[in-house]
Amino acid sequence: MPADSPAPRSHPPRLSPPTWVRWLLLVIGCVIANRLLNAVHMPAGGFIGPMAVSITYGVMIGGLKLPRIGFKLSQGVIGVLIAQTLTMSVLFKILDSWPVMLIATAITLLLSLIVGIGLVRYGGLPGSTAAWGTTPGAAAAMVAMAEESDADPRIVAAMQYVRVVCVVLVGALVSHYLGVTDNSGGGHAANLPASLGALGSFAATLGVVVIGVWIFDRRLPAGALLGPVVLGSVLHLTGVITIVLPQPLLEVAYGIIGTYVGLRFDRETVHNIARALGKMIFASLVLIALCALSAWLMTLLMHTQFITAYLGTSPGGLDSMTIIAIDTHADVGLVVALQTLRLFTVVLVGPGMARLVARFARPSPA
């Protein structure tokens, strides 16, 4: 370069806000959305608000990822909350209703299979990837098994969470009009512990959350949720501990779960599923409607409330359906039992269902 040539002009790098500032903005947005939804008495507003804000943030800005341990421990808090609602009468009711529950689970899986075949056939997605994405059950488990089968885990995760979002939003709306919503935001929550005895019970409750997640997380499907349910139920029913869950703790747990789900969506994920997104949403809504029909049939056999049967048969996540069930005073034990039964069934038959659905994919053009 000649000595008298002007030096190339350097453009200053674009500065992005520090990570803590981005987290602060996200938290503020989640809190505002939570309060707005609670003001209109939307069931599970503490979950849905942060989820909606995080989806918007992840797609428009991105760059944040919630640590998985926070998600697991928050599921454990919901698990202990479930354990608090389980009484001996609820458990006996579940035992008496197991034949109908098996029928409801089989119907839900059959409907999911039919809708999955239709989406694979006409949705324009790769056969094996779309098959795993349409299989109902634990999203994390389906993504893990899809990765082992050489399917695209990003598209599978997106498909799973698109359905979860549709189920949660529709479930919240249905519950808003059919359920008896607890306007305080948590029917089983307590005030902050003030006495030494309450502090001891609260510490024991947190111990159940941590130990339940640690022991069962990798040993059971959805173990971070079901482990504290099992451990907390045993200790609570036998009178060993008294479960104490302050409202602020529940609000934080709801918010973390919603934020974790929302941040799974980013620009790359939306780009990967953009062409089939409308069909995926339509397929999810069709499946929700068909499951609602099966829930109505279930009410005739079990003589239970429609909202309970609807949440129990909805093809959503166990944690999200439980949160809505608690806030709407549905039969939480029955909802958890139905969702758990389907979860374990899907883990067992999911690979076979995915292979069957994949057979109906359109052949790739030469």
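Among contacts in the protein chain between residues at least 6 apart in sequence, 80% join residues at least 24 apart. This picture comes from a predicted model. The chain is built with 15 helices and zero strands. Of its 366 residues, 51% count as buried.

A search of the whole structure finds one salt bridge, and it is formed by Lys72 and Asp217, whose closest N and O atoms are 3.2 Å apart. The partners come from distant parts of the chain, 145 residues apart: Lys72 belongs to helix α3 (residues 68–85), while Asp217 sits in the loop between α9 (196–216) and α10 (223–237). As a general point, side chains of opposite charge can pair when their charged atoms come close. Are the two partners buried or exposed? Lys72 has a relative accessible area of 13%, so this residue counts as buried. Asp217 has a value of 19%, and because the cut-off for buried is under 20%, Asp217 is buried as well.

Trp23 is partly exposed, because its relative accessible area is 23% and the buried class stops under 20%. Which residues does Trp23 touch, once those up to four places away in sequence are set aside? They are Leu64, Lys65, Leu66 and Leu263. For Leu64, the C-alpha atom is separated from that of Trp23 by 7.7 Å, although the two residues are 41 residues apart along the chain.

Asn34, by contrast, is buried, with a relative accessible area of 7%. Its side chain reaches the backbone nitrogen of Gly46 at 3.5 Å. Leaving aside neighbours within four places in sequence, Asn34 is in contact with Gly46 and also with Gly45, Gly49 and Glu251.

The empty space inside the model can be explored too. In general terms, rolling a probe the size of a water molecule over the atoms shows where empty space is left. A search of the whole structure finds two cavities of 30 Å³ or more. Sorted by class, the lining of the largest cavity has seven nonpolar, five polar and one charged residues.

The second largest cavity holds about 40 Å³ of space. Its lining consists of Ala104, Thr105, Thr108, Gly312, Thr313, Leu338 and Arg342. At least two of the lining residues come from each of α5, α13 (306–313) and α15 (332–358). Which helix gives the most to this lining? The answer is α5, with three residues. By class, the lining of the second largest cavity divides into two nonpolar, four polar and one charged residues.

Methods
Residues numbered from 1 in each chain as written. Predicted model: local features only at pLDDT ≥ 70, side-chain atom pairs only at ≥ 80, totals over all residues. Heavy atoms only, no water. 1 Å grid on protein atoms, 1.4 Å probe; cavity = no way out; pocket = protein on both sides within 12 Å on 5 of 7 lines; lining within 4 Å. Points joined across faces, edges and corners; volume = space filled by probe spheres on them. Nonpolar A, V, L, I, M, F, W, Y, C, P; charged D, E, K, R; others polar. Helix = DSSP H or I, 4+ residues; strand = E, 2+ residues; numbered from the N terminus. Buried < 20%, exposed > 50% of the residue type's maximum accessible area, 1.4 Å probe, protein only. Polar contact = N/O pair within 3.5 Å; in protein donor to acceptor, adjacent residues only side chain to side chain. Contact = heavy atoms within 4.5 Å. Salt bridge = Lys/Arg side-chain N within 4 Å of Asp/Glu carboxyl O.
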